[in-house]
Amino acid sequence: MKNVLIVGGAGYVGGAITDLIFSKSYKVRVFDSLLYEDSYRKEVDFYYGDVLDRKTLEPHLKWADVVVWLAAIVGDGACQLNPDLTIAVNQESVKWLSENYSGRIIFMSTCSVYGAQDKELDELSPKRPLSLYASTKLKAEEYLQNKNALIFRLGTLFGVGDLYSRIRLDLVVNILTVKASTVGKISVFGGEQFRPLLHVKDVANAVLMNLETEHAGVFNLHRQNVRIRDLAYQLRNHFPDITIEETEMPFQDTRNYRVSSKKAQEVFGYKSLHSIDEGIDELKFLVENKRIKNLNSNRYSNQAYLQELEGK
Ligand SMILES: NC(=O)c1ccc[n+]([C@@H]2O[C@H](COP(=O)([O-])OP(=O)(O)OC[C@H]3O[C@@H](n4cnc5c(N)ncnc54)[C@H](O)[C@@H]3O)[C@@H](O)[C@H]2O)c1
């Protein structure tokens with residue numbers, strides 16, 4: 001029975017991973033600074049702490065056979081708000097981890113490290129980060145090279161991962177579904193850009209599949225590369241009456257990339273189990289059944305929430 005420490009486990013991805021691992025024969029601990037939460041209420045051992053406070057973190061690392069490292073300032077806009085903090089959390093903490101922990105590490109990076117490129121990208125393709133978020137993640141990857149570390153470059157996530165954790169409404173499938181459901185209109189800027197998309201529960205599966213393996217190195221993880229315009233029209237299958245507004249206004253977010261997850265398929269039999277339609281239905285259910293009181297609350301967007309917190 002392995003001891004699994006999930007650092008940053010109170011977040012969107014952490015919620016899904018924690019539930020899945022906890023349901024199997026593992027001892028699970030979550031360590032998190034509850035950046036967006038007031039409380040942590042799962043029946044899982046929980047330790048409140050900041051990864052910048054190494055003394056508080058150290059005993060938990062000693063306990064852990066495997067560390068799943070999710071703690072980060074997540075998203076381009078959120079990272080820009082306080083670059084020094086972003087570098088300290090996303091990059092320097094991972095450097096410290098690589099120097100102070102010799103067990104197995106499963107680390108979440110992002111396909112954003114590829115930036116804007118036209119062809120389908122595999123793990124050896126050039127990295128062209130366009131944001132501080134992506135460049136800190138890439139630096140963190142470098143610190144984990146030659147370690148007992150598995151690095152997942154995740155596509156943009158969607159869907160509902162668990163019953164308690166904060167849903168993120170700053171992710172493209174989730175936000176477009178909310179707009180379609182509430183205002184009946186979605187706006188697509190540009191629309192030509194591709195994004196690799198992945199259900200948040202598929203990340204949890206990939207982690208579970210590798211708690212006992214010795215695979216190391218970088219793996220892309222996605223389900224489907226989707227053009228944002230096509231995603232908008234896919235939403236029409238769920239909301240037949242929506243208006244889709246396409247505008248040629250230059251899109252500030254210039255990321256555009258398609259990835260291949262063939263390496264993960266070949267090396268550890270990775271297979272995405274959850275579709276985009278499933279994710280849309282999950283978000284639609286939350287909205288239509290008024291499970292979220294105020295969809296406009298900043299709490300559901302990392303950037304908006306941290307901006308409010310910092311009084312910017
Ligand atoms: N959601 C996505 O689409 C996506 C895509 C690619 C990669 N990722 C990666 O997956 C990981 C999890 O992302 P998420 O979507 O769950 O984000 P999230 O913002 O919901 O969760 C991040 C968690 O980390 C915690 N945290 C932040 N700073 C901390 C600190 N200093 N000390 C301790 N805990 C801290 C937060 O409290 C939060 O619970 C991140 O590393 C992110 O880069 C996410």
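How many bridges join strand E9 (residues 185–189) to E13? Select both strands: 5 bridges join E9 to E13, and the two run parallel. Phe 189 stands opposite Thr 247 in E13. Strands (E, at least two residues) and helices (H or I, at least four) are DSSP runs, numbered from the N terminus, and two strands pair if DSSP finds at least two bridges between them.

This is a predicted model, in which local features need pLDDT of at least 70, side-chain atom pairs count only at pLDDT 80 or more, and totals for chains, interfaces and linings use all residues. Residues are numbered from 1 along each chain as its sequence is written.

Remain with strand E13 (residues 243–247), which is hardly covered: the count of buried residues among its 5 residues is 0. A residue is buried if 20 or more other C-beta atoms, placed from the backbone, lie within 10 Å of its own.

**The sheet of 7 strands**

Next, select E3-E2-E1-E4-E5-E7-E11, which in this order form an open sheet with parallel pairing. Strand E3 (45–48) and strand E11 (217–221) stand at the edges with a single partner strand each, so one side of each is left without a neighbour in the sheet. From one strand to the next, the twist averages 20°. Strand E2 (residues 27–32) pairs with E3 in the parallel sense over 4 bridges, and Val 30 stands opposite Phe 46 in E3.

**The sheet of 3 strands**

Now display E8-E10-E12, an open sheet of 3 strands in that order, with mixed pairing. E8 and strand E12 (224–227) are at the edges, each with a single partner strand, so one side of each is left without a neighbour in the sheet. Strand E10 (residues 194–199) and E12 pair in the antiparallel sense over 4 bridges; here Phe 194 stands opposite Arg 227 in E12.

**The ligand**

Select the 27 residues around the ligand, where Gly 8, Gly 11, Val 13, Leu 35 and Leu 157 come nearest; a residue belongs here if its C-beta atom, placed from the backbone, lies within 6 Å of the molecule. Helix H1 (12–22), strand E5 (104–110) and strand E8 (156–158) each supply at least two residues of this shell, and H1 gives the most, with 3 residues.

**The nonpolar core**

Of its 87 residues, Val 7, Val 68, Trp 69 and Val 203 touch the most other members. Leaving aside neighbours within four places in sequence, Val 203 is in contact (C-beta atoms, placed from the backbone, within 7 Å) with residues including Val 13, Leu 157 and Leu 221.

Definitions and conventions. Core = buried A, V, L, I, M, F, W, Y, C linked by C-beta atoms within 7 Å. Buried ≥ 20, exposed ≤ 12 C-beta atoms within 10 Å, placed from the backbone. Contact = placed C-beta atoms within 7 Å. Axes fitted to C-alpha atoms, helices over the stretch in contact; angles between N-to-C directions.
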